Amino acid sequence: MARSTPFIFLITLISSSTLAKATYNIVDFGAQPDGLTDSSGPITSAWAKACSSVRPASVYIPVGTFYVSRLTLKGPCNNTDIRIYIHGTLVAPVGYNTDDRWIGIQFVDGVSVYGGVFDGRGQRLWSCKLAAGYSCPLGATVSLKNPLQILTIGPMDYELTICVYMFAQSIAISRSRMGEADQVTITGSYIRTGDDCVSMGPGSTNVWIEGIHCGPGHGVSIGSLGSTAQEPGVQNVTVKSVVFTGTQNGLRIKTWAKPNTGFVQRVNFQNAIMRNVQNPIIIDQSYCPGAINCPTQSSGIRISQVTYSNIQGSSATPVAVKFDCSPSNPCNGIGLQNVNLTYGRTPAQSLCRNVAGSTTSGIVVPPSCFGT
Ligand SMILES: *[C@@H]1O[C@H](CO)[C@@H](O)[C@H](O)[C@H]1NC(C)=O
Ligand SMILES: *[C@@H]1O[C@H](CO)[C@@H](O)[C@H](O)[C@H]1NC(C)=O
Ligand SMILES: *[C@@H]1O[C@H](CO)[C@@H](O)[C@H](O)[C@H]1NC(C)=O
């Protein structure tokens, strides 16, 4: 594949009219949009104001390139609605080579990030790896694992990681402790990566993903789940209006073929466009890399109430819809409506193992193969 795209994570701004009333512009705290002066201090100061506010507050990062060496924005805060609006670009140091995060938001309950470009400067690594280079440029050979991490507090903890380098996940959501539900929203993002565009780990609950362009990458994934024996379930997930271009997967649920107490329920996949995607719709419950520790076992993760509606486009392989569910815990309540996936000039095919579901309305191409 010819790819000259710089390796960046980019989000477009929703609307400045959504700015909350108390707004702290980082420029007022000394940040300079010159791409050279470290804006970590000014951003931290603006954050401190928003965090101490007793009413909803926002941090505003205007148009321009702001160099950020390393940033940790900490709570707990005095309000549970802090928004960070980014019109500009945050750039990492060249050759940033730690496995630790670049930007972290920690111990905050109720934070949203809108817009902006997070440029991890992965271009050199990206182009070198694509050229199958073995001696990639110094400072670019180590990937940045957690450029942006959001860890909320409260009874429910989420960890959200945005990764801009290849061979790493773009956005990973997982709950770090048991407890009540919280919410993670990801909207209007362009994600180009070498792994999942968004991955939802155990405990991901009340997640809303909308308006994402994914590719290159491995798609939007729930999982892998079930690597450890006991895990919190995944529920109430909406993935809406995602365009997948040349990705390995589109909408995926993936679990290890091992006993587990976890589950996936109430997932809505809506309005996706697939452009030459290898596995546009896939549930894979037989994940067992290298056939180590799980051959002949089956997944304990119970998958139910998963609907796919308005999914259109092209598959890069003949089987566009694959439900490979667990023999011991068959998937049930899987719904398909208005699905039209083609393979070349022909309708694509579907594959079903251990799955019960229904086609509720509209056309479904390829026709479903649900057991009755
Ligand atoms: C929360 O508000 C109180 C009272 O206004 C203030 O003393 C405290 O510093 C604030 N907390 C934070 C984290 O800013
Ligand atoms: C499901 O999640 C959405 C946010 O993604 C939230 O607004 C809604 O209240 C949740 N529904 C339930 C029943 O918890
Ligand atoms: C499915 O999509 C293809 C390609 O866009 C189109 O030609 C075909 O008419 C569609 N099938 C139905 C049944 O709508």
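The following questions and answers look at selected features of a predicted model.

Colleague: How are the residues, chains and ligands numbered or lettered?

Modeller: Residues are numbered from 1 along each chain as its sequence is written, while chains are lettered from A and ligands numbered from 1 in the order in which they are written. Because this is a predicted model, local features need pLDDT of at least 70 and side-chain atom pairs count only at pLDDT 80 or more, whereas totals for chains, interfaces and linings use all residues, and side-chain values use heavy atoms, with hydrogens and water left out.

Colleague: How many salt bridges does the count come to?

Modeller: A salt bridge here is a side-chain nitrogen of Lys or Arg within 4 Å of a carboxyl oxygen of Asp or Glu. Arg83 forms one with Asp81, and Asp324 forms one with Arg353. By this rule the count comes to 2.

Colleague: How far apart in sequence are the parts that the pair Asp324 and Arg353 ties together?

Modeller: The closest N and O atoms of Asp324 and Arg353 are 3.3 Å apart. Asp324 belongs to strand β22 (residues 319-324) and Arg353 to strand β25 (residues 349-353), where strands (E, at least two residues) and helices (H or I, at least four) are DSSP runs numbered from the N terminus. The pair therefore ties together parts whose separation in sequence is 29 residues.

Colleague: Which residue has a polar side-chain atom 2.2 Å from an oxygen atom of ligand 1?

Modeller: Ligand 1 is surrounded by Ser52, Pro76 and Asn78, where a residue counts as near if one of its heavy atoms lies within 4 Å. The protein covers 36% of the 360 Å² of accessible area that ligand 1 has on its own, as found by the Shrake-Rupley method with a 1.4 Å probe. The polar side-chain atom at 2.2 Å from a ligand oxygen belongs to Asn78.

Colleague: How much of the 360 Å² that ligand 3 exposes when taken alone does the protein bury?

Modeller: The residues around ligand 3 are Asn340, Thr342 and Ile363. An N or O atom in the side chain of Asn340 is 2.3 Å from an oxygen atom of ligand 3. Of the 360 Å² that ligand 3 exposes alone, the protein buries 30%.

Colleague: What is the phi of Asn293?

Modeller: Most residues other than glycine have a negative phi. Asn293, which lies in the loop between β20 (279-287) and β21 (302-315), is exposed, with a relative accessible area of 61%. Its phi is a positive value, near 70 degrees.

Note on methods. A polar contact is a pair of N or O atoms within 3.5 Å; within protein, one must be able to donate a hydrogen and the other to accept it, and residues adjacent in sequence count only if both atoms are side-chain atoms. Buried means under 20% relative accessible area, exposed over 50%, partly exposed in between (1.4 Å probe, protein chains only).
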